[in-house]
Amino acid sequence: MTQVILRNIALAYHGQPVLNDINLEIAPGEFCVFIGPSGCGKSSLLRLIAGLEEVSDGILSIDGRTINDVPPAERNIAMVFQSYALYPHMTVYDNMAFGLTRQKLARAEIERRVMEAARILQLEPLLARKPGALSGGQRQRVAIGRAIVKKPKVFLFDEPLSNLDASLRAQTRLEIARLHRELNSASMIYVTHDQVEAMTLADKIVLLRPAADAQGRSNVAQIGTPLELYHQPANLFAAKFIGTPAMNFLNASLAALTPDGISALLQGRACPVAVDGAELAADAALTLGIRPEHMVLGQGGWQGKIVHIEALGEHSYVHLDWADGQPTLIAKTQDEGLRLGETVAFALPAAALHAFRSDGVALRRLQFKPST
Amino acid sequence: MSRKSYANGALYLMLSAYSLLTLAPFIWAILTSLKSPREIAEAASVWPQAPTLAAYETILHGPFYQWLWNSFMVATAVTLLNVLFNTMAGYALARFQFRGRGLLFQALMLLIMVPSQVTMIPAYMIVARLGLVDTHLSVILTSAASIAYIFMMRQFFVNFPAEIEEAATLDGSGPLHRFFRIVLPMAKPALATQAIFVFMGIWNEFMKPLLFISTVDNYLLTQGLNAVAKQYAKSSSWNLIMAGSIISILPILSMYIALNRRFLNINDQSSGIK
């Protein structure tokens with residue numbers, strides 16, 4: 001049975017649309033990540049599921065029950081806030097027990113659940129302390145513990161790692177992944193702007209775009225597995241957002257349809273692209289895309305001048321100025337011998353290229369086989 | 001010595017001078033209360049030649065205890081009511097969405113500008129109609145809320161982390177439960193600050209009791225001290241007046257010392273959030 005269903009969900013503040021036409025299904029035990037740029041409404045969508053915002057339109061249901069008008073405490077959810085939102089005047093134990101006390105559970109049951117969560121999260125020695133005496137990572141674990149003890153059907157995480165330093169973030173990310181495996185019947189909805197978190201944690205990614213960019217359409221730019229979003233972006237927005245550094249884009253037009261896809265006209269030359277162009281009109285304007293890691297340097301018929309090198313040790317990113325009117329290209333390379341101002345040859349492999357119509361919609365890639 | 005040491009030295013010199021300047025009247029009052037009337041009249045020395053507690057013994061006889069008790073009761077009641085009403089009003093203005101909220105807040109801000117002297121006579125007429133003249137209730141009811149502290153609490157709650165209240169909502173806490181179990185305990189520094197100022201204000205209030213209360217036994221301390229001053233001023237019994245003043249500030253001083261730690265930590269509410 002599907003755990004969380006959103007049907008045509010809309011949210012508006014004072015008549016200004018924030019979310020529009022959101023349709024989503026999250027299965028039991030599924031780890032779903034909402035990702036998108038600032039202001040795209042991902043936190044608002046999470047708060048809407050939590051009941052902290054009122055649905056303007058549409059139907060929201062959990063476990064087959066419509067919960068549009070159900071108070072937050074009765075939705076069988078638990079939320080971990082970005083700022084932890086612990087009660088500073090209560091001990092760690094009381095913080096975790098507070099919600100259970102409100103549910104009027106027996107004292108023994110409350111103690112059992114709190115101690116169990118404290119054991120899982122290694123909080124046992126800290127139970128008598130107040131939040132002010134804890135480190136950031138410990139506070140975050142208490143916030144997660146407060147959610148676990150409620151045994152909810154759905155966990156909501158609102159950028160829970162954004163206040164932690166890099167090493168603690170990586171460690172807590174692993175803990176959340178472990179927790180997800182241990183509590184495998186509960187669904188998790190996780191908001192982040194960090195692609196690494198999204199790619200490493202998610203079973204399903206929901207990429208959202210701001211209402212202004214959606215232009216009346218759904219805020220959902222794409223829903224899919226992490227690798228689907230990476231290899232098969234559904235539109236230019238998804239292609240631009242997923243991947244660091246971002247995908248390179250090139251202005252081109254359709255030259256001809258070929259047995260292996262299309263031949264695009266790029267800077268007056270034919271460039272084969274392995275995409276399905278059957279529905280394209282003749283001479284249709286196209287945007288070609290290629291990820292920096294898929295560019296091949298030192299071979300091929302194209303040439304560019306190196307204008308900037310970002311040497312990261314493990315690999316380098318080379319910025320290439322290659323044609324007037326075309327954006328600078330970024331290529332990933334292991335070659336440490338390249339120098340600024342040098343002209344290098346590069347290839348644009350047909351199988352690695354993406355192509356987008358003038359309305360931003362991606363053409364189906366022919367030689368890409370999703371690994372899902 | 002480094003430049004920093006010189007700067008620190010100068011700073012401490014300035015602060016010490018300022019402290020002495022502030023403490024001087026207080027010290028003078030203590031020293032005067034320990035002198036005899038003759039010594040005060042002669043004004044031979046700042047220091048008492050033969051220190052005596054006679055003034056304190058005299059002042060603590062008669063109705064002084066009654067006035068002290070009256071003031072304590074009235075100040076405590078006014079402080080409790082103010083803390084309750086001002087805090088709830090400030091919370092409502094900061095958190096609840098209701099029609100006319102902005103207008104109500106602006107109207108309150110305008111009312112702050114109305115001097116208390118203007119409202120005194122209308123207040124007296126209302127008190128008279130309620131039959132409360134010459135009772136402590138008259139002072140308590142007309143001082144039970146303060147717009148200035150409603151404003152202070154509103155500003156405090158505007159900056160209060162909403163996520164903590166939302167977490168409580170998700171934990172099943174209703175508005176009242178949330179207010180008393182989560183918000184108020186976290187607002188202790190602001191409540192303490194408010195309590196100190198309200199208590200001090202009503203403890204030192206003179207005009208209102210003078211207007212509303214006429215029976216000597218019902219006097220508040222300020223009225224009583226004024227009566228003592230009138231009685232003894234011509235005979236240079238400043239030692240009695242100063243002894244009375246010193247005793248009158250002791251409750252405020254002890255309250256300040258008790259709440260000092262919270263008073264200083266008014267902005268420290270962040271340990272539950274990052």
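Two strands are taken to pair if DSSP finds at least two bridges between them. In this predicted model, strand E16 (residues 316-321) of chain A is joined to E17(A) by 5 bridges, and the two run antiparallel. Within this pairing, A:Leu320 stands opposite A:Leu329 of E17(A).

Stepping back to the whole sheet, we find 4 strands of chain A in the order E17-E16-E15-E18, forming an open sheet with antiparallel pairing. Its edges are strand E17 (329-333) and strand E18 (343-347) of chain A, each of which pairs on one side only. On average, neighbouring strands of the sheet are turned by 55 degrees against each other, direction ignored.

Turning to the contact between the chains, 22 residues from chain A and 18 residues from chain B take part. On the side of chain A that touches chain B, helix H2 (92-102) and helix H4 (136-148) of chain A each supply at least two residues. H2(A) gives the largest share of that side, 3 residues. Sorted by class, the side of chain A that touches chain B holds 13 nonpolar, 7 polar and 2 charged residues.

The crossing of H5(B) and H8(B) is left-handed. Here B:Leu108, B:Leu111 and B:Ile112 of H5(B) meet B:Ile147, B:Ala148 and B:Ile150 of H8(B). By class, this contact of H5(B) with H8(B) has 6 nonpolar residues, with no polar and no charged ones.

Key: Residues are numbered from 1 along each chain as its sequence is written. Chains are lettered from A and ligands numbered from 1 in the order in which they are written. This is a predicted model: local features need pLDDT of at least 70, side-chain atom pairs count only at pLDDT 80 or more; totals for chains, interfaces and linings use all residues. Axes are lines fitted to C-alpha atoms, for helices over the stretch in contact, and angles run from 0 to 180 degrees between N-to-C directions. Two residues are in contact if their C-beta atoms, placed from the backbone, lie within 7 Å. Ala, Val, Leu, Ile, Met, Phe, Trp, Tyr, Cys and Pro count as nonpolar, Asp, Glu, Lys and Arg as charged, and the others, Gly among them, as polar. A crossing is left-handed if the near helix is turned anticlockwise from the far one by less than a right angle, and right-handed if clockwise.
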